[in-house]
Amino acid sequence: MRVDVVTIFPEYLAPLGLSLAGRARDAGLLDVHVHDLRSWTHDRHRTVDDTPYGGGAGMVMKPEPWGEALDAVLPDGATLVVPSPSGEPLRQALARELAGREHLVLACGRYEGIDQRVVEDAATRAEVREVSVGDYVLNGGEAAALVIVEAVARLLPGFMGNPDSLLEESHEDGLLEYPVYTRPATWRGREVPPVLLSGDHGAIAAWRHEQAVRRTAERRPDLAHPARAVTSGDLEGHL
Ligand code: SAM
């Protein structure tokens, strides 16, 4: 997958060279290019913002540098991802969908955001997804871009050493993951649940499912996946 990120803070994206994303890069699964939006400005001050039409606080990112940047880095048919608190929520299903694309371009906004016509113009020739990483406001799209790229990259075929580990994770089946434990079996007087030491794979799977259902009901009752919604039957005995 090719990923292009356009930002006024290219250094902010340095972590894309580290850890799992860096490994994917080294393995040739992820080809990341970071671009400075200001290289598409033409004035002495390399201006990327201006006051908002209609008044109000803050500044808005100008359409001209963004238009030129996307003309240069967004080929027809690629997918433009625009981090925005008004976007569709980033969920595992969306990460999986984006992981199926060949080329993602991320446009990192700052200030009060990017002139809306930039998104409209790009949508005439590319898929555009405005994506929110949560119901809170960040200062810029860079941290959101890091989150989106990491969530997507770890789903690329060949990225995870053991692809089965992806299937059991939170949000893959509409449930939060069960609690996990490792050695030692007793730590500070706390025991690992005995079923996990039993060697009975059926009992372990049942316990894990029960824990996942209980956790989801307690922590995120709003989560419901069509394929594995938490039903009242699942919760019997837990509530
Ligand atoms: N005025 C905007 C609003 O109220 O929706 C907030 C702009 S925010 C200060 C600047 C930039 O940060 C946005 O253009 C977007 O790129 C990014 N951003 C902020 N919060 C975000 C979130 N929850 N998800 C994704 N991107 C976000």
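Tutor: The largest nonpolar core holds 45 residues, and those that touch the most other members are L80, L106, A107, A145, I148 and V149. A nonpolar core here means a set of buried Ala, Val, Leu, Ile, Met, Phe, Trp, Tyr and Cys residues joined through C-beta atoms within 7 Å. A residue is called buried if 20 or more other C-beta atoms lie within 10 Å of its own, exposed if 12 or fewer do, and partly exposed in between, with C-beta atoms placed from the backbone. This is a predicted model, in which local features need pLDDT of at least 70 and side-chain atom pairs count only at pLDDT 80 or more, while totals for chains, interfaces and linings use all residues. Residues are numbered from 1 along each chain as its sequence is written. As general background, nonpolar side chains tend to be buried together in soluble globular proteins.

V149 belongs to helix α5, and V149 is buried because 25 other C-beta atoms lie within 10 Å. Leaving out residues up to four places away in sequence, V149 touches V3, L16 and A21, where a contact means that the C-beta atoms of two residues, placed from the backbone, lie within 7 Å. V149 and L16 are 133 residues apart in sequence, yet their C-alpha atoms are 8.2 Å apart in space. A second, separate core has five residues, among them L175, Y178, A212 and V213.

Now look at the strands. Five of them form an open sheet in the order β2-β1-β6-β5-β7, with parallel pairing; two strands count as paired if DSSP finds at least two bridges between them. β2 (31–36) and β7 stand at the edges with a single partner strand each, so one side of each is left without a neighbour in the sheet. From one strand to the next the twist averages 30°, an angle between axes, which are lines fitted to C-alpha atoms (for helices over the stretch in contact), with angles running from 0 to 180 degrees between N-to-C directions. In general, strands of a sheet pair through backbone hydrogen bonds, either parallel or antiparallel.

Follow β6 in this sheet, since four of its five residues are buried. Strand β1, residues 2–7, pairs with β6 in the parallel sense over five bridges, and R2 stands opposite H103 in β6. β5 also pairs with β6 in the parallel sense, over three bridges, and the bridge partner of L80 in β6 is V105. Helix α2, residues 63–73, lies across β1, β2, β5 (79–89) and β6, and runs at about 165° to β1.

The loop between β6 (103–107) and α4 (116–122) holds G109. G109 is buried because 26 other C-beta atoms lie within 10 Å, and, apart from its neighbours within four places in sequence, G109 is in contact with M61, P83, S84, I114, G140 and G141. G134, in the loop between β7 (127–132) and α5, counts as exposed because it has 11 C-beta neighbours inside 10 Å. Both glycines fall under the annotation "binding site" in an unreviewed UniProt entry, which covers G109, V133, G134, D135, Y136, V137 and L138; UniProt positions are given in the numbering used here, feature names are shortened, and annotations may be inferred rather than shown by experiment.

The domain assignment gives domain 1 (2–153) and domain 2 (168–235), with bounds that come from an automatic or database assignment, and the C-alpha centres of the two domains lie 36 Å apart. Of the 239 residues of the chain, 26% count as buried. Among the contacts in the chain with a separation of 6 or more, 74% join residues 24 or more positions apart.

Technical notes. Helices (H or I, at least four residues) and strands (E, at least two) are DSSP runs, numbered from the N terminus.
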